[in-house]
Amino acid sequence: MFFKKSIIALTGLFLCVFLVVHLSANCILLLPEDIARDAYNSYSTTLRESSFIKIIAYILYVSIIVHALYALLITLKNRKAKPQKYVLNHSKENSAWASKNMGILGTLILIFIIIHLANFWARIKLGLGEEVGMDAFGHKDVYEVTYSLFQNIYFVLFYTLISIPLALHLHHGLKSAFKTLGFYHKKGLQIIAKIALIYAVIMGVGFGIIPIIVYLK
Ligand code: HEM
């Protein structure tokens, strides 16, 4: 159990770092079009062509799978253990509620990631579905792909709504990860709780608002 929880914590922290990079890159979309198109497409090309980034990307895919799989195993185990234990211990009941909640939130995010990858990653990286055009510099026009997808209001709403469970999951997950990894210092945990809140709000608002701004641009 401890091994699985530590792996969930470590992969979760890695995914948190990925999201900071991913959100920063997606902020390019908010710049004026003449700068944004070239910057976004060049960034995306660098991601696909750099061997170093390719290794990081594989670690990312494995992290998503392992994080989701181990979280599922732990959630199922917690549910099985629930009937006897929680009649006696209310604090454990609360943590079981949070853990159950994390499972639902995590599942929503996983469904989002699958749909997201099918629309962006599979098309851009694997060449599946509608062909991706080229920009004036001969780079895949990922900017155009993103802008055309965010012309669909339902797609925009989906991204904006999913940012709520994403923020809740990140807020609880970030705090739990440090505790799981043995960080028990009281003052330190209070600071981590504040950082987790700020981080979750930035991620939620950032990922939620970019599709709306792109839609309205
Ligand atoms: C404003 C919202 C978002 C936009 C515009 C966006 C855009 C993109 C694009 C264009 C790619 C393909 C990059 C490429 O191969 O060149 C991508 C990949 C990816 N996105 Fe997003 N994304 C958004 C939100 C998210 C969120 C919220 C998550 C996770 C919860 C996420 C997870 C991923 C993952 C895991 C990949 C694959 C990374 C890789 O292979 O390099 N994205 N995204």
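Contact here means that heavy atoms lie within 4.5 Å of each other. The legends below describe close-up views of a predicted model.

View 1. S63 is found in helix 3, which covers residues 51–88. With its neighbours within four places in sequence left aside, S63 is in contact with T11, F14 and L15. The relative accessible area of S63 is 6%, and S63 is therefore classed as buried, the limit being under 20%.

**View 2. The shell of residues around the ligand.** The ligand is surrounded by 26 residues, and H22, S44, Y61, H116 and K125 are the closest. By residue type, the shell consists of 19 nonpolar, five polar and two charged residues. At least two shell residues come from each of helix 1 (2–26), helix 2 (33–49), helix 3, helix 4 (90–119), helix 5 (121–124), helix 6 (142–149), helix 7 (153–180) and helix 8 (186–216). Helix 1 makes the greatest contribution to this shell, with four residues.

View 3. A nitrogen atom of the ligand has a polar side-chain atom of H116 at 2.8 Å. For N26, a polar side-chain atom is found 3.5 Å from a nitrogen atom of the ligand.

**View 4. H116 and its contacts within the protein.** H116 belongs to helix 4 and is among the residues closest to the ligand. Apart from neighbours within four places in sequence, H116 is in contact with H22, W121 and Y159. H116 counts as buried because its relative accessibility is 17%, where the limit is under 20%.

**View 5. Helix 7 from its start to the residue G182 beyond it.** Helix 7 contains 28 residues, and the distance from its first C-alpha to its last is 40 Å, close to the 40 Å expected at 1.5 Å a residue. At the start of helix 7, the backbone nitrogen of Y154 has a side-chain oxygen of N152 within 2.9 Å. G182 follows helix 7 and has a positive phi, near 95 degrees. Helix 7 also supplies at least two residues of the shell around the ligand.

**View 6. The cysteines C16 and C27.** A disulfide is a covalent bond between the sulfur atoms of two cysteines. The count of disulfides in this model is zero. For C16, the closest cysteine sulfur is that of C27, and the separation of 17 Å is too far for a bond; a disulfide would require the two sulfur atoms to be within 2.5 Å. C16 is buried, its relative accessible area being 10%, whereas C27 is partly exposed, with a value of 36%.

**View 7. G12 in helix 1 and its separation from I162.** G12 lies in helix 1. The relative accessibility of G12 is 14%, so G12 counts as buried. Along the chain, G12 and I162 are 150 residues apart, and their C-alpha atoms are separated by 18 Å. Helix 1, which holds G12, gives the most residues to the shell around the ligand.

Terms used
Residues are numbered from 1 along each chain as its sequence is written. This is a predicted model: local features need pLDDT of at least 70, side-chain atom pairs count only at pLDDT 80 or more; totals for chains, interfaces and linings use all residues. Side-chain values use heavy atoms; hydrogens and water are left out. Buried means under 20% relative accessible area, exposed over 50%, partly exposed in between (1.4 Å probe, protein chains only). A residue is near a molecule or strand if one of its heavy atoms lies within 4 Å of it. A polar contact is a pair of N or O atoms within 3.5 Å; within protein, one must be able to donate a hydrogen and the other to accept it, and residues adjacent in sequence count only if both atoms are side-chain atoms. Ala, Val, Leu, Ile, Met, Phe, Trp, Tyr, Cys and Pro count as nonpolar, Asp, Glu, Lys and Arg as charged, and the others, Gly among them, as polar. The expected span of a helix is 1.5 Å times one less than its number of residues.
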